[in-house]
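Subject: Structure handover

Hello,

Here is the structure I promised to pass on. Please open it and keep it beside this email as you read.

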Amino acid sequence: MTIKIGKANDNDYVVNDSHVSRRHAQLTRDVDGCLLLIDMDSANGTYVNGSRIVKKRVSPTDVIRLGDRYSLNLSEVLKSRNDYSVEFAALREIYDKYIEQKVKIQSSNQFKTRVFQSLPFALTGLIGISIGFMGKGNPILWGGSLFIAICAPVVGIYLGAKQSAKIPGQLQDLANRFKIKYVCPKCGTFLGEIPWESLINKKQCPVPSCKAKWVDE
């Protein structure tokens, strides 16, 4: 990818500013895939974060100035070639975090459900053993032990079912947030739950009216 920047109309990105040269700069990608800004021997210079440069690696967060006053928006320059590879790369973290949180919700709730359902049975057994040592033949203690033996498992099953019922709601909330963020950076179309690694093989948005480039070639 090479994007020519300057005042002349035949540039890829035309800048209408009297302090910008006709062939002011060009933006390319180096062998590592990083953006490289090159000054094309302009009259008033190219500046990155306040320092004049001849050639420098840049990112969309850098402050770039052409000449004395023109601020260059790197994201807009890339979009002039329908290149959304930088924004698309950021979707990888969004997808990975979604899967991580989804697994966490499922495993955490399954664990809590098992605890709620099994703990009352274990507790009942311990209480029964304790009562056996404390008061053999005592009808009050025996009645209390029977009551606990019946009620504790019922309570455990209820709490387990209640915990299990939370899972669909939590997963739905997570999915709703994911649908807002995991979209084509240009047209905003939701990309489904397709892994980022699979989407990058498509190289561009499948929406006919968009065709945003996800991979710079």
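Below is what was found in it, part by part.

Keep in mind that this is a predicted model.

**The sheet**

Start with the strands. Five of them form an open sheet, and the order is E2-E1-E3-E4-E7. The pairing is mixed. Which strands stand at the edges? They are E2 (13-14) and E7 (55-58). Each has a single partner strand, so one side of each has no neighbour in the sheet.

Now look at E3 (residues 25-29) and E4 (residues 35-39). These two run antiparallel, and five bridges join them. Within this pair, glutamine 26 is opposite isoleucine 38 of E4.

**Threonine 2**

Threonine 2 belongs to strand E1. Threonine 2 and glutamine 26 are 24 residues apart in sequence, yet their C-alpha atoms are 6.7 Å apart in space. Leaving out residues up to four places away in sequence, threonine 2 touches Asp12, Gln26, Leu27, Thr28 and Arg81.

**The cores**

Next, the nonpolar residues. The largest nonpolar core has 19 residues. Ile3, Ile5, Leu27, Leu37 and Val58 have the most contacts inside it. Which elements give two or more residues to this core? They are strand E1 (2-6), E3, E4, strand E8 (64-66) and H1. H1 supplies the largest share, three residues.

There is also a second, separate core of 18 residues. Among its members are Tyr95, Tyr98, Leu191 and Leu199.

**Aspartate 83**

Last stop: a loop. Aspartate 83 lies between helix H1 (74-79) and helix H2 (85-89). Its relative accessibility is 2%, so aspartate 83 counts as buried; the cut-off for buried is under 20%.

Which side chains make polar contacts with that of aspartate 83? One is the side chain of serine 85, at 2.7 Å. Another is the side chain of arginine 29, at 3.4 Å.

Best wishes

How values were computed: Residues numbered from 1 in each chain as written. Predicted model: local features only at pLDDT ≥ 70, side-chain atom pairs only at ≥ 80, totals over all residues. Heavy atoms only, no water. Helix = DSSP H or I, 4+ residues; strand = E, 2+ residues; numbered from the N terminus. Buried < 20%, exposed > 50% of the residue type's maximum accessible area, 1.4 Å probe, protein only. Polar contact = N/O pair within 3.5 Å; in protein donor to acceptor, adjacent residues only side chain to side chain. Pairing = 2+ DSSP bridges. Core = buried A, V, L, I, M, F, W, Y, C linked by side-chain atoms within 4.5 Å. Contact = heavy atoms within 4.5 Å.
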